[in-house]
Amino acid sequence: MRSNEKKTKYDDKDLIQKSKDGGLDVIETYVFWDLHEPVRNQFNFEGRNDLVKFFKLIADAGLYAHLRIGPYVCAEWNYGGFPLWLHFIPGIKFRTNNEPFKAEMKRFTAKIVDLMKQEKLYASQVGPIILSQIENEYGNVQSHYGAGAKPYVNWAAAMATSLNTGVPWVMCQQADTPDPLINTCNGFYCDGFTPNSPKKPKMWTENWSGWFLAFGGAVPYRPVEDLAFAVACFYQRGGTFQNYYMVL
């Protein structure tokens, strides 16, 4: 960068420090399958894809982390984060009780967990990661998957638990989340949310500080006063954890 050029973008370290300075103590991130495995069995964890470095930066800043593996990460990312090659596996059907899909999902999830374990990044290893997430807002679309939905949810929960991370797993927007996983709320307001067990904490994984722009629609805007009021109401009514989606 030339001396007369103005820096216009933050790098990871800057953003993490900015978040800390703003009073945050946990950094959440999705894991983008299409970036990390663009070709089947060929992984990329270099440069901007360096998950280990990112979590070490979080630890260096004295913050905690929430690792949202998914591996589906929602419509804000091309193809929901799935790599294109996944589409061409014979007999595959995404996000349902389908053996080819479950085999690939388990393999990728285990790959990420093993990578984190090797670097001792889980809180159970005195690392920064205090939570992990499997699946993502599946409850919003579960009815479209018919009889294969519930067995898939149960399988995903059991698969995640079997990886022995030593930290809790969550499923957001999943009212029937199996124990011991924690169901969490995503939305503009979550003060009225109740976990599916009195033994589970009340958690808000996505507090939508903004929204995406629909083609031809009005520009979304959420006043900061409304955001602050929603957070206050959430904690007043027993909330234990909330995450801004997103902080920039």
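Here are a few questions and answers on the sheet and the salt bridges of this predicted model.

Local features need pLDDT of at least 70 and side-chain atom pairs count only at pLDDT 80 or more, while totals for chains, interfaces and linings use all residues. Residues are numbered from 1 along each chain as its sequence is written, and side-chain values use heavy atoms, with hydrogens and water left out.

Reader: How many residues apart in sequence are arginine 68 and glutamate 206?
Author: Good pair to pick! They form a salt bridge (a side-chain nitrogen of Lys or Arg within 4 Å of a carboxyl oxygen of Asp or Glu), with the closest N and O atoms 2.8 Å apart. Arginine 68 lies in strand 2 and glutamate 206 in strand 6, so the pair ties together parts separated by 138 residues.

Reader: Is lysine 200 buried or exposed?
Author: Its salt-bridge partner is aspartate 179, at 2.8 Å between the closest N and O atoms. Buried means under 20% relative accessible area, exposed over 50% and partly exposed in between (1.4 Å probe, protein chains only). Aspartate 179 is exposed because its value is 59%. Lysine 200 has 11%, so lysine 200 counts as buried.

Methods. Helix = DSSP H or I, 4+ residues; strand = E, 2+ residues; numbered from the N terminus.
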